[in-house]
Each structure stands twice: as C-alpha cells, then as structure tokens.
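Trainee: Could you walk me through this structure, starting with the overall picture and then going into a few places?
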Amino acid sequence: MRISRFLLLAVLILTIPAALFAQFGVSITIAPPALPVYEQPMAPADGYLWTPGYWANGEEGYFWVPGTWVMAPEPGLLWTPGYWGWGDNAYAWNEGYWGTQIGFYGGVNYGFGYGGVGYQGGYWNNGAFFYNRSVNNVNITNIHNVYNKTVINNTTYNHVSYNGGHGGVSARPNAAEESAAHERHTPATSMQTEHVHAASGNHALLASVNHGRPAVAATAKPGEFSGRGVVAAKAAGGAYKAPENKAAENKASATRTNENKAAENKAAATRTNENKAAENKASATRTNENKAAENKAVENKAAATRTNENRAAENKAAATRTNENKAAENKGAAARTNENKAAAPRTTERAAKPEAARAPAESSKPNAARAQPASRPAAVAHAQPAPRPAKEAPKTEEKPRQ
C-alpha cells in the first residue's frame with residue numbers, strides 16, 4: 001500500500017506542467033545576483049549532460065549552486081534549467097526538469113548551449129548523445145559522438161539571472177516552450193538533489209561571502225567541490241548589491257521570532273512532559289500508597305485473625321481448665337460424699353452396739369424390753385439417713401441368749 005502511494009505521487013509530479021512548479025518554490029523580494037563568469041569543466045565521460053549553475057536561496061540568503069555534468073535519467077531526455085521569475089510582488093523559483101523537449105527557462109542566458117531559448121549543446125540519436133564542441137568542453141579522445149556547429153546568440157548576454165521585475169529578462173514562452181511545458185517531465189535526479197544540498201552547506205558559496213564570485217563555479221561531477229574537476233569563477237557577472245539593512249533586519253527579526261517560537265514550543269513541550277511525568281509519578285505514588293494500604297489492611301486482617309484465634313484458643317484452654325477444675329471439684333465432692341456415706345454405717349454400727357450391750361443387762365426385765373420397742377427405731381432413724389442402714393438395724397435387735 002505504501003509503495004503504491006509513492007508511485008502515485010511520483011506519477012502526479014511527472015504530470016505537473018513546468019509552469020506550475022513555481023508554486024512549490026520559495027519566494028523573496030530581493031533579486032538574485034548576476035551569473036558569475038566561469039569556464040565549463042571537461043565532461044567526465046560519454047552520456048553526461050551539462051546542467052548550468054544558478055543562485056538558490058536559503059536561510060542565509062542566496063548561495064551559488066555550481067554548474068555540473070550529470071548523467072541523464074534515461075536516454076532521450078534533456079535538461080530544462082530552473083529560473084527565477086517575478087510575480088505577485090516577489091521572486092519565485094521555477095524548478096528545472098528532464099523532458100524530451102527543452103521548455104521555457106525564463107530567457108536567462110546560462111551559456112554553454114543555454115542561450116535563453118532552447119538548447120544548442122547537443123542532441124540524442126539512437127540512444128547516444130552527440131556533443132556540440134563549439135559550446136561544450138569534451139575530450140574527443142574519450143568521447144567520439146561530437147560535432148561542431150556555431151551558435152548564433154541573438155540574446156543580449158548581460159548575465160542577468162532572473163525573468164521579469166526590475167532589470168530582469170523580459171522574455172515570454174514561445175509556442176514550442178508552451179507545448180513542452182505540458183509534456184511528461186522527470187524531476188531532478190538524486191545526484192542533482194544531493195549536489196544542491198551540499199552547496200547549501202558550503203559557507204563559501206554564499207553570495208554575502210563571495211559577492212557574486214564563487215570559488216567553486218562549476219564541477220566535473222555532482223557534489224565534487226574540490227580536486228581537478230573544480231572551476232573557480234573568473235569574475236562576478238555584475239556589481240554585487242548587498243541586501244538592504246532593512247531586509248537583513250527583517251530577516252534577523254524573523255529568525256529571532258522563529259527561534260523564540262521554537263524556544264516557547266520547546267519550553268511548552270518540556271512543561272507538558274514534566275507535568276505528565278509529575279502526573280505519572282503522583283499516580284504511581286498513589287498506586288503504591290493504595291497497595292501499601294491494601295497490604296496493611298491484609299496484615300491487620302491477618303493480625304486480627306491471629307488475635308481472634310489466640311483469644312479463641314485461650315478461651316478454649318480456659319474453658320477446658322475450668323471444666324477440668326469443675327470435674328475435679330465434682331469428683332472430689334463425690335468422693336467426699338461417698339466417703340461420708342461409707343462412714344455413716346460405721347457410725348450407725350458404733351451407735352447401735354452400746355444398746356446391744358445393754359440389752360443383756362436388761363434381759364432380766366422382759367417386760368421392759370417389750371415395753372420399749374419404739375426406743376430403738378427412733379435411735380436408728382436418727383443415726384441412719386440412708387435406706388441401707390435401715391435394713392441392717394434388725395441386726396442390733398438380737399434376742400438375748402436364753
């Protein structure tokens with residue numbers, strides 16, 4: 001799905017007319033400097049096409065993108081350079097592109113076959129590019145597809161680098177260029193894009209530093225800013241005019257504003273992150289406290305359970321001891337009661353024996369023995385609280401021996 005989206009985006013870019021590319025570029029109210037005067041380095045090999053140098057605009061103002069030799073994306077394609085054009089009270093950059101026909105590039109005379117209209121530097125034939133030696137620096141020992149054709153330039157060569165506005169080229173696209181604008185286009189190659197990026201990071205290429213005369217005006221291959229293939233500018237194409245102080249102040253103010261906004265956004269993001277961190281910490285603290293409270297509650301519950309169990313065990317032990325004490329007391333009482341009961345017959349016997357002893361003495365008085373029958377039962381009833389001694393009472397009433 002992602003690959004299909006990229007392919008669709010690429011197709012849409014290729015179908016956009018060149019005239020519409022201006023809306024994707026940057027716009028500025030200060031005109032770019034004049035094109036510097038320099039020579040073309042020798043073509044590195046067969047199949048390389050020349051792409052003219054130009055002034056690009058970055059955060060620090062205009063910087064020079066050196067002209068260079070580039071391999072075409074595919075045979076049959078030619079490079080239409082980009083250009084600065086005035087419109088809507090600003091200068092806008094119109095991107096260059098690859099196509100089968102050369103389109104409008106603002107009428108700017110970039111040189112080396114790009115005289116302002118079309119291209120006289122060469123052509124494709126059966127998949128091979130033929131170089132016009134009158135405008136291209138090629139080594140015929142290595143490159144054999146060459147020819148010589150004098151180029152008549154009807155355009156005033158004044159090194160102006162932009163179209164329209166104050167002092168700019170007043171050219172307008174012709175019918176062939178209008179037609180080329182609606183054809184299929186291929187954007188700059190990755191090597192060209194990296195070439196521009198490398199130039200933007202080279203401080204010496206800033207117009208404010210080199211004053212329109214860059215030390216690296218052209219290179220043999222993209223991104224090579226040192227070595228034998230590097231060509232320096234011979235001179236500036238015109239008097240360099242530094243941006244007005246007001247413009248510089250506005251740019252500096254805009255830079256400070258952006259920096260302040262960036263700092264504020266960073267500070268806001270930092271505060272947001274700190275607040276989130278504090279919230280997370282507080283939440284974690286509350287969670288830990290809740291867990292601690294839960295653990296404490298569990299411990300209290302466990303302690304209460306152990307306390308209740310201990311109390312229950314103590315109560316059970318106390319009850320057991322009480323029951324044992326009561327049982328022992330009851331057993332002791334029963335034992336004493338039984339002992340008392342056992343002692344009672346002996347007491348009765350001891351109490352009955354004197355009467356029996358006296359009975360023989362009184363046997364001489366039979367009438368008296370018969371006259372007092374109730375005296376013994378009364379004595380027996382007083383001495384015998386239990387039924388068993390009552391049965392034994394008659395033993396005391398033994399008849400006197402005859």
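Mentor: Let me begin with a definition: accessible areas here come from the Shrake-Rupley method with a 1.4 Å probe. For this chain, in what is a predicted model, the accessible surface comes to about 25,800 Å², and carbon and sulfur atoms hold 53% of that surface.

Trainee: And how much of the chain counts as buried?
Mentor: The chain has 402 residues, and 30% of them count as buried. Its secondary structure comes to eight helices and 14 strands.

Trainee: OK, what about the inside, how many residues are in the largest nonpolar core?
Mentor: The largest nonpolar core has 50 residues, and the ones with the most contacts inside it are Tyr38, Trp50, Trp84, Trp98, Tyr110 and Tyr114. Several strands each supply at least two residues of this core, among them strand 2 (48-51), strand 3 (54-58), strand 7 (83-87) and strand 11 (128-132).

Trainee: Which strand gives the most to it?
Mentor: That is strand 4, which gives four residues to this core.

Trainee: You mentioned Trp50, so what does that one touch?
Mentor: Not counting residues up to four places away in sequence, tryptophan 50 touches Tyr38, Gln40, Pro41, Gly67, Thr68, Trp69, Trp79, Phe112, Tyr114, Ala218 and Thr219. Two of these partners, Tyr38 and Tyr114, are also in the list of core residues with the most contacts.

Trainee: Now glycine 47, is that one buried or exposed?
Mentor: Glycine 47 has a relative accessible area of 14%, and because buried means under 20%, it counts as buried. Its place is in the loop between strand 1 (27-28) and strand 2.

Trainee: What is glycine 47 in contact with there?
Mentor: Leaving aside neighbours within four places in sequence, glycine 47 is in contact with Val70, Met71, Ala72 and Tyr131. As for distances, glycine 47 and tryptophan 69 are 22 residues apart in sequence, and their C-alpha atoms are 9.4 Å apart in space.

Trainee: And where is tyrosine 97 found?
Mentor: Tyrosine 97 is found in strand 9, which covers residues 97-99, and it is buried, with a relative accessible area of 2%. From C-alpha to C-alpha, tyrosine 97 is 5.5 Å from threonine 80, although the two are 17 residues apart in sequence.

Trainee: Let's change topic to the loop between strand 7 and strand 8, what is the phi of aspartate 88?
Mentor: Phi of aspartate 88 is near 55°, which is a positive value in a residue other than glycine. Asparagine 89, found in that loop between strand 7 and strand 8, also has a positive phi, of about 60°, although it is not a glycine.

Trainee: Are those two buried or exposed?
Mentor: Aspartate 88 is exposed, with a relative accessible area of 78%, and asparagine 89 is exposed too, at 61%. Each counts as exposed because its value is over 50%.

Trainee: What about arginine 184, where is its place?
Mentor: Arginine 184 is in the loop between helix 2 (175-181) and helix 3 (190-200), and at 53% relative accessibility it counts as exposed. Glycine 99 is 85 residues away from arginine 184 in sequence, yet the two C-alpha atoms are 6.6 Å apart in space.

Trainee: Last one: how many cavities of 30 Å³ or more are there?
Mentor: The count comes to one cavity of 30 Å³ or more, and the largest cavity has a volume of about 40 Å³.

Trainee: Which residues line the largest cavity?
Mentor: The lining is made of Pro33, Ala34, His211, Gly212, Gly237, Gly238, Ala239, Tyr240 and Lys241. By class, that lining has four nonpolar, four polar and one charged residues.

How values were computed:
Residues numbered from 1 in each chain as written. Predicted model: local features only at pLDDT ≥ 70, side-chain atom pairs only at ≥ 80, totals over all residues. Heavy atoms only, no water. 1 Å grid on protein atoms, 1.4 Å probe; cavity = no way out; pocket = protein on both sides within 12 Å on 5 of 7 lines; lining within 4 Å. Points joined across faces, edges and corners; volume = space filled by probe spheres on them. Nonpolar A, V, L, I, M, F, W, Y, C, P; charged D, E, K, R; others polar. Core = buried A, V, L, I, M, F, W, Y, C linked by side-chain atoms within 4.5 Å. Buried < 20%, exposed > 50% of the residue type's maximum accessible area, 1.4 Å probe, protein only. Contact = heavy atoms within 4.5 Å.
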